[in-house]
Each structure stands twice: as C-alpha cells, then as structure tokens.
Amino acid sequence: MSAATLEPRVHVGRNYLNADYGWKSWLFTLDHKRIALLYLVSITFFFIIGGSFAVLMRINLVEPQGAIVQPETYNKLFTLHGIVMIFFFLIPSIPAVLGNFLVPLMVGARDLAFPKLNLLSWYIYMAGGMFTLYSAIAGGVDTGWTFYTPYSSTYSNTQVTAVAIGVFITGFSSILTGLNFIVTIHKMRAPGLTWFRLPLFLWSMYATSVIMVLGTPVLAITIFLLALEHLFHVGIFSPALGGDPLLFQHLFWFYSHPAVYIMILPAMGVVSEIIACFARKRIFGYKIVAFSSVAIAVLGFLVWGHHMFVTGQSVYAGLIFSMLSFLVAIPSAIKVFNWTSTLYKGSISYEAPMLYALGFIGLFTMGGLTGLFLASLATDVHLNGTYFIVAHFHYIMVGGAVMGYLGGIHFWWPKISGRKYPNAWASLAAAIIFIGFNLTFFPQFILGYLGMPRRYAFYPAEFQVLNVMSSAGATVLGVGYLIPLIYLIWSMRYGPIAEPNPWGATGLEWKTSSPPPTENFAEIPVVREEAYAYAAEEAAGD
Amino acid sequence: MQTLPFQPEQASTIARSVDHLYFFLTAITLFFTALIFSVIFYFMIKYRRRSPDERPKAIEGSLPLEVLWTAIPTLIVAVIFVWSSTLYFRNSEPPKGSLEIFVTGKQWMWKAEHPEGQREINELHVPLGRPVKLTMTSEDVIHDFYVPAFRVKKDVLPGRYTSLWFEPTKLGRFHLFCAQYCGAFHAGMIGSIIVQEPDEYERWLAGGTPGESVEQAGEKVFQQSGCSTCHVAGGTGLAPSLLGVYGQAVHLTTGETVMADDAYVRESILLPRAKVVLGYKPIMPSFQGQLSEEQLNDVIAYIRALGQSQPKPKEEGKQ
Amino acid sequence: MTEAEARAHDLGLAHQFADLEQQQEADTLGIWIFLVTEIMFFGGLFASYAIYRWLYFAAFEGGSHVLDVRLGAVNTCVLLGSSLTMALSVRSAQTNNRRALVLFLIATMILGGIFLGIKGVEYDQKFVEHVVPGLDWAPEGKTLASLAPGGLGHAEMYFFFYFAMTGLHALHMVAGMGLLLWLVLRARKGSFTSHYFAPVEVVGLYWHFVDIVWIFLFPLLYLIGGRY
C-alpha cells in the first residue's frame, strides 16, 4: 500500500459509482451498493451529532458542580446522545452499510431480494432521523434513552412525543432490512453455496436479522403505548389508573436487550472475515462459531430481566434471569477462543483492518467479562445505576461494535470505493482510538464501584480526579475518530486505484472488480470450495 | 478522604462478602484478559508473515478444545452464579426485630419517618449494630435508594412498596444517592445516612420534635377521616372491624381469599371497590388524593397495630 | 435484453432473481416474515392486555358489557366473509379468470368497508356514552352503574385497550383497503395471469392475518365474563 501514485490516465472500468450521475440517480437508486453509501453518509452524520453531545457531556463533568451546562441541559444531552447513538448509529451501522453492500455480493446475487424495500428502509430511517433532530432542536428530550415511566409519560414536559415518533418510524427501517437479508440469504445463494460454505459475516447478518425482525416490533408497540399515554394522559404505565411502571420496563427491555446483540453480532462477523484474511487461515471451529451466533440470538431474548434486578421484582425471577444471563456469555467466550486459535500457525500481517479486529477481541473480552459482574445478582445490586454500567456497555459498544465497524470499513474500502488509503495513517488512528478509548472508559469502572451513579449532571467532589481522566481520554478518542474521516475522504480522489482483491482474501465479493459493476458479476459465480479456502491445497489461485 | 481508592468503605454486615465476590470477579476478568492478550501477542509475533506467498496449512478445529473451553467457562459461571445467588438470597430477607423506617422519595428529596414519629429530610439517623428495614414508596416517579458504603440499593416506585434492609457496622456519615434517573435534579437527590452509637441514637430520637408515634398519628388520621364511623370495633358498623385483621386471610365477595398485608390495606383505602369483604356492600368511598403517602403509611401502621388485638367474638360479619 | 429475458420481464420477473420460481419463493417467505413481525407487534399489546385483565377482571368484565355484542358479531361475520372473497380472488387469478378476480377483490373491499363503517358507528356510540379515555371520559347512568363495581380507574384502562387494539386493527384494515385498491387497478389492466399473481397472494395473506387478529379481538374484548 504505497502512497498515492499518480498513474497516468488509469482506466477505471464501468462500475456502480460511475454508472450514472446526478442526484436523482442516487436518491432514487435501487442498487444495494448505492443505498449502502446513502446509509454511510447518514450514519456518519448522526455519529458526529451523537459524538458532539458526548463531548459536551464530558466537558461538563470536568468539574464537580458541572462546568458548562445546567442540569436540565445535561439531562437532554445524555438522552439524545443515547438515542442518536443507539438508534441512528449503532443499530444500522454494520447491517445497513456493510450488510447492504456485501450480502448480495457474498451470496453471489445481483441485488437483495427486495431492492425497493431497501430504498424505502433508507427513507424511513431518514424520516425517523428528522423527527429526532426536530425534537432535539425544539427543546430536546430529558427522559434518558430508556424512557422510564411515569417520568416520560406523565412528568416530563420535553419533546417526548416527537422523539417517540422518530424512534418508532426508524424501527421499521430495521425490520425491513432484516427481512430483506433473511430472504436473500435463504433464497438467493449462488449455485454450490451451501449454508456451511457461507462466510461467517453472513451467519452473523442472518442471526442479527432474526433479532431485528422479532424484537423491533415489540419496541414499536411499547413506544406507541408510551406516546398514547403521554398524549392522552391515560395511565397504562402509571399508577394513577392502576397502571404498572414495571410493565413498561419489561416491554422496553424485551427489545432493548436483544438490541445490544443486533449491535455486536455484525461486528463479530466482520472480525471473523478480517482474522481469516490477515492470518490467511480458515476460522478455527467454523461451524461452532456459526452456531454461536445463532445461540446468542436465541438466548439474547431470554435475559432482559437482568436490567431490573433492583426494581423490587421477585427474587426467583432474578435467579432465572441471572442464570440465563451467565449462559448467554458462553457462546461469546467460545468465539473469542476460536478467533485466537485461528492465529495459531497462521501467517499474520498487520494492516489497519487487522489492528481493529485484534483491538476488538481485547476490548470485547474485557467488556464481556465485566458483564459477569452485572449478571451476578449480589454485585449487580451495588453496581446497577452506576458508572460501572456505563463503562461496561461502552466497552462493548465502542470498544467492540465501533471498532468492528471501522475495521470493516477499512477492510472493504477498496471494494466499495475502488481506492486505497494510506496504511500508516490508518494504523496510527487505530492506535489512538484504542488508547483514547481505554483512557476514557476504564476510570469509569472504578467510579462505578466507588458508587458514583450515572446520569448525574454534577457530583460529589471526591469523584473529580477520575472524571477528569475520563474526559481527557475522550479528547484523545475524538481526535482518533477524526483522522479516518479525513484520509478516507482524501482517498476517494487521491488514493491509489485498488485491484479486485488487494488483500488476497477469499469470498465472492473479491472475485469481482473494485468497485463492482452495478450488476455485481458479469456471470453468476458457481461455488466449488469451502469458505476461507486459504490453504495452498485449496487456493484456486488469486 | 482517600485520593484514589478503589472501593468504598465497608460499613455494613454484607459489604465485606459483596466485596469478596467482586474481587473474585475482578480476578477472573484480569486472568482471562491477560490470558487472551498474552496468547494473541505471542501468536502475533511468532506467526507473523515472513514472506508474501506464505500459505499456512488449513486447520479445521478441534472438538476436544471446543469442549474444554465451553466446559471451563460454564463451570466458572456456575460457581459465580451459585455464590452470588446464595449471597443475594440471604440478603433479601430482613432479620426479625429490624428497626422499621418508612421512606418516601419525591422529586428531589428523601423523607424518612421513624416508628417513634421522628421525621427527617435527606438524612437518616440509624443506630450501630441493629438491622434496619426500610419500607419505601415514591410520590411521583421512580427513584432508587442507594448507599454505596452498605452495598444496598432498591428502586422506589410510585403506587407500591419496596423494601431493603442493612445493618451498619461503622459509625459515621455515609453517602445516600438516588440511582434511578428521575428528572432535572436527579444528581441533587442525595443525602446522608448517619450511624450513631445506640444511646446517642436514642438521645437524638428523644431530642427532636416530641411527636407521636406512627401508630398514634395513624389513629388520628383514622378518626379524622371518618374511618371509625363505619369500621366499628364490635363489627356492628357498615364495614368490617379491623381488630385482628392485619396479617390474616380475608374472604372476598368474589370467592377469593387474600392476605391482609400492606398492599391490601393500601388498596382498600385508595380503590375500595377492587376487593370487597364477603358479607359487606361495596359502599366505601375512595381516599385517593386525600391522604399523603406519610398519612397512608401512618394509617397502615395503625391498622397493623390493630391486627395484634384480639377480634371481638362472633366476628362473622353481616349476612 | 435477450428475447428470453424480455419474456421473463414481461412475466413480471425482477432482474435480481434467476427465475420466477425463485421470485415467488422469495415473495412468499418475505410476506410470512412480515406477518411474524406483525404478530410480535400485536403481541406486545395482547400481553399487556392479558396482564391487566388478570389483575382487574371485574373492571374488564364490566367494560365488556358496555360493548354491543351484536355489532361485534356482525363485524366478525363480515370479516370472515371478506376472507372468503379474498381467497376466491386468489383462486380466480390462479385460474386466469380476470373478471372474477376483479369482482372478488371489489367484494372484499366492500365487506372491508362495511366493517369499518360498523366500527365507526361503535366508536361514535362510545363518545355518546362518554367512555373514551383521555378525550371524553365521564360515564353516567346505566353505563356508570355497570362500570363502577370494578373500579372506574380500571374500567378506563379496559377502554384504553379497547380503543388501542381495535384502532390499531382498523389502521391495518385501512392499509389493506389501499392494497386492495392497488390490486384492483392492476388486475383490470391485466397484470395478473395464472403464471404470475404473487401480489394477489401476498395481499391475500396480509388480509387473512388482519382477519385472524379480529378473531382474537372479538372474544377478548366483547365476550368477557361469559354471560351468554
């Protein structure tokens, strides 16, 4: 990957990017690859918004009495940070960008099963996003992204209805994407591509899609009921009419716990692809890893009560949810061991995607293990509602899912854009992100155990040192995120032209040009080899 | 005040055992993190690519290894589950003879009421070495009563009671935090638990506003709200007598039998038509909105006290 | 485009599919998955209903007695009839009978319209009786007498579920009417033959689902307490 070489008049063939020009060819496209780019731009936009809220929060927390904003504003900041990051960045990120781009290519099809539904998904996502932005501009929301009743339904006088509509609408984007992926993977695989020859990224996408399809509708009805209660003051979730605030929590977490697996399973799929390619070996225990994805999706629906251990629910309910929460950790552990074993006797190279993948394994391991503290009833009593929780989920969501997303972007960038980026800068950014991330969030584990509750706009002075450390780390992390934004955009114009398979990877997406033509393949491929056929006796030649 | 401590004070009987479990979990986390990190680093160096055409041999997997690294984590989490659940279970029931204190949370303050009638705001005085049971409710949204030094926490809900208990083992002042986001001044809904020597606590109790006990206050509310008009002691009124009722089974007009506990008494006051005692008509008016949470608690305490008395003979109720 | 491709395109084959059979299977799987999401959507509502009915049975029974069982029963028959006409329209498409297809689709729409009309009458009645939570809740007279024993607050909860569940169902019916209209317009143009009538089947499945939801709603809302 040398620096930009100015090759004179390089012939870039006909591909999906130059097939047509003009805004109409983008906004009315039915090409899954262009839709993926529409999503790429929009989720980057929302990431910047959600990230800005986080920056303001961390600056505020530098001083115990709150440095820059009033408590009411701080409460709106953390609410919108959560809503934007979860619903408008994390949940769509890998599925809507990398999934949309790669699923048809990886199965050897010309597009997804339902291209019009795919475009509709993006418009629905944008409509939901507009409602949410409106609610932010028109005064904000201060309920927390969890919208607990009766505060959100009866007491808050912020833009609850507007943001509820926004989240409700966006949910359908998720549902349609999941539906599209399930049908595509079931019905449109190329000849010879059996289930156990699928790349593990597709197994992850499949498991994720099942969760999206089954879980998101429950969030939709929950938000619908919440909005009705907020508008009509009917007490279905508040005690005034005999309603139950805990019913809201059960309904909410029934979706929102599986939602975290929507956010992590795709990243795990990306990691499998990257490790296999940069160690030049089939993933160790392929079938086990595939089944683990499915197991995580299934078990993930059974553990929501661990968010409610201190609500006064029955001790026996707590025991059952605790046990199931421990069990759901096992398939993830199995994956980590299998990825590590893939490196054994491999041939490992360290380009940026591999750095992100290895960083994922480390940070996900830490984040996942801290989940045990929370599945454990006796310690969760002390840790629930504190910064320990905040640290735990950021290790998984940021240290895990975001690193996985960035790794995937860097891995497939040559395929998507037809260009290469400077590996030195990419590796530097990955290192800065890794360091900044740990500086930001590790102190929060300690803060949590010391007892600092979350969602506090100001705090007792004894917690200041750790808060300042965390905020300093956030600055480093922010810088780390800016760097790829710069060189990736730069590469689209000045990066060296990419060949069809710059990494020497297996997988059908690498057997077509970079970028691919609109119809993906000149001829639909026929698959004759197992997945990850890297070994000498298997390689069909690059 | 320590500058960089890693744990809060251990100021209750359960704090140390919770910390032991926490340290075990930390050890597991550190061990496996170190294991994965070091194995990866080792492989990264040992198997780095030495030539561009290297093609390692395919390795499918290893069933024995899969079984091993499934079984060991399962065993470890089983141990944690049993340890943690036992601790949790043991800590869930307050010991007999606990000092019972009533707590109300409201945006954005904590109110506590001692059985002798002493009231506090954002502070709670308790004696050293005696178990304390808090019965809590909220006047508005969900709050959460959290004392890090005692390792206890419980949500405080509107419309129902939750409880937690602790036994302080150290004198001093300890943080009380609200740990469930409840609106604008959630961060300000903090206070202190003040643990005193038992005799100092008695002196504090006596020294405050000479009040009536909770039961006495409840009896007053009972008279002033007109309850005694119908709930006559001899059972000759329009409503059942309440002597000996609390804590016993009650037969309803629907054929069901329910236990007369705090929740039942509270519901009977706020939603009297929901459960009507067998042999009586559904004519009791509702007191929803007329009694504050403290008054409700006082009345319930009074009715609880009445439950200790013997019912008058022939307490069948009117046909 | 080759001649074979042109023929396939005329038959309604989309470019991403290898053949009509693959497209048909994809469409069918797609609509079934969508119906599963609808089950989960209504499921959350049904679960909440079940919890409150268990807690406040008397209030739910009292509320149910305020509804007009005859209108509900008529609507049930109307909707079942519309499912029959829908199935017959699919059959007509299968047998290449364009006239029957259009007629049965229109019949389905008419029956759907009758259902919505009766629903409108029922809703209006609720306003007359002042049992609309949040908008007009002031029951009086006989209505109050039947609601009071269970607790007025809990009765309001029952009516909240009545409106939420039947309202959501009605919204789905309106969407279904729109889909039927679209089918009628396409059918009249001759878009559907015995080789290609997937949209008719897909809308048919959706319509049957909406019907089944009503089959659950009717006893759950109208027939509580079994006084019949």
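**Helices, sheet and contacts**

Author: Let's start with a helix pair: helix 2 of chain C and helix 7 of chain C cross in a left-handed way. Bear in mind that this is a predicted model.

Reader: Are those two helices roughly parallel or roughly antiparallel to each other?

Author: Look at the axes first: helix 2 (residues 20–55) and helix 7 (residues 152–188) of chain C come within 11 Å and cross at roughly 160°. Anything over 145 degrees falls in one class. Therefore helix 2 and helix 7 of chain C are roughly antiparallel.

Reader: What classes of residue make up the contact of helix 2 with helix 7 in chain C?

Author: Helix 2 of chain C brings Leu45(C), Tyr49(C) and Tyr52(C). On the helix 7 side they meet Met157(C), Phe161(C), Ala164(C), Met165(C) and Leu168(C). Tyr counts as nonpolar here. By class, that contact has no polar residues, no charged ones and 8 nonpolar.

Reader: Zooming out, what share of the contacts in chain C with a separation of 6 or more comes from residues 24 or more positions apart?

Author: For context, chain C has 8 helices and 2 strands, in the order α-α-α-α-α-β-β-α-α-α from the N terminus on. The C-alpha trace of chain C spans about 75 × 30 × 30 Å along its principal axes, and buried residues make up 37% of its 228 residues. Of the contacts with a separation of 6 or more, the share from residues 24 or more positions apart is 78%.

Reader: Over to chain B. Which strands are at the edges of its open sheet of 5 strands?

Author: The sheet has mixed pairing and the order 3-2-1-5-8. An edge strand pairs on one side only. In chain B, those are strand 3 (119–121) and strand 8 (162–166).

Reader: And by how much are neighbouring strands turned against each other?

Author: This is an average over the sheet, with direction ignored. The value is 25°.

Reader: How many bridges join strand 5 to strand 8 in chain B?

Author: Strand 5 (residues 132–138) and strand 8 of chain B run antiparallel. Among the bridge partners, Lys133(B) goes with Trp165(B), and Met136(B) goes with Thr162(B). The number of bridges joining strand 5 to strand 8 is 5.

Reader: How many residues of strand 8 in chain B are buried?

Author: Both faces of strand 8 are covered. Thr162(B), Leu164(B) and Phe166(B) are buried on one side, with Ser163(B) and Trp165(B) buried on the other. For this strand of chain B, the buried count is 5 of 5.

Reader: What angle does helix 7 of chain B make with strand 1 of chain B?

Author: Helix 7 (residues 293–308) of chain B lies across strand 1 (99–106), strand 2 (109–113) and strand 5 of that chain. Its direction relative to strand 1 is about 155°.

Reader: Now the interfaces. How many residues of chain A are in contact with chain B?

Author: On the chain B side, 71 residues take part. The elements giving two or more residues there are helix 1 (15–46), helix 2 (63–92), strand 6 (143–147), strand 7 (152–156) and strand 9 (172–178) of chain B. By class, that side has 43 nonpolar, 16 polar and 12 charged residues. The chain A count is 75.

Reader: And how many residues of chain B are in contact with chain C?

Author: Chain C gives 4 residues to this contact. By class, they are 2 nonpolar, 2 polar and no charged. On the chain B side, the number is 4.

Key:
Residues numbered from 1 in each chain as written. Chains lettered and ligands numbered in written order. Predicted model: local features only at pLDDT ≥ 70, side-chain atom pairs only at ≥ 80, totals over all residues. Contact = placed C-beta atoms within 7 Å. Helix = DSSP H or I, 4+ residues; strand = E, 2+ residues; numbered from the N terminus. Buried ≥ 20, exposed ≤ 12 C-beta atoms within 10 Å, placed from the backbone. Axes fitted to C-alpha atoms, helices over the stretch in contact; angles between N-to-C directions. Parallel < 35°, antiparallel > 145°, perpendicular 65-115°, else oblique. Left-handed = near helix turned anticlockwise from the far one by under 90°. Pairing = 2+ DSSP bridges.
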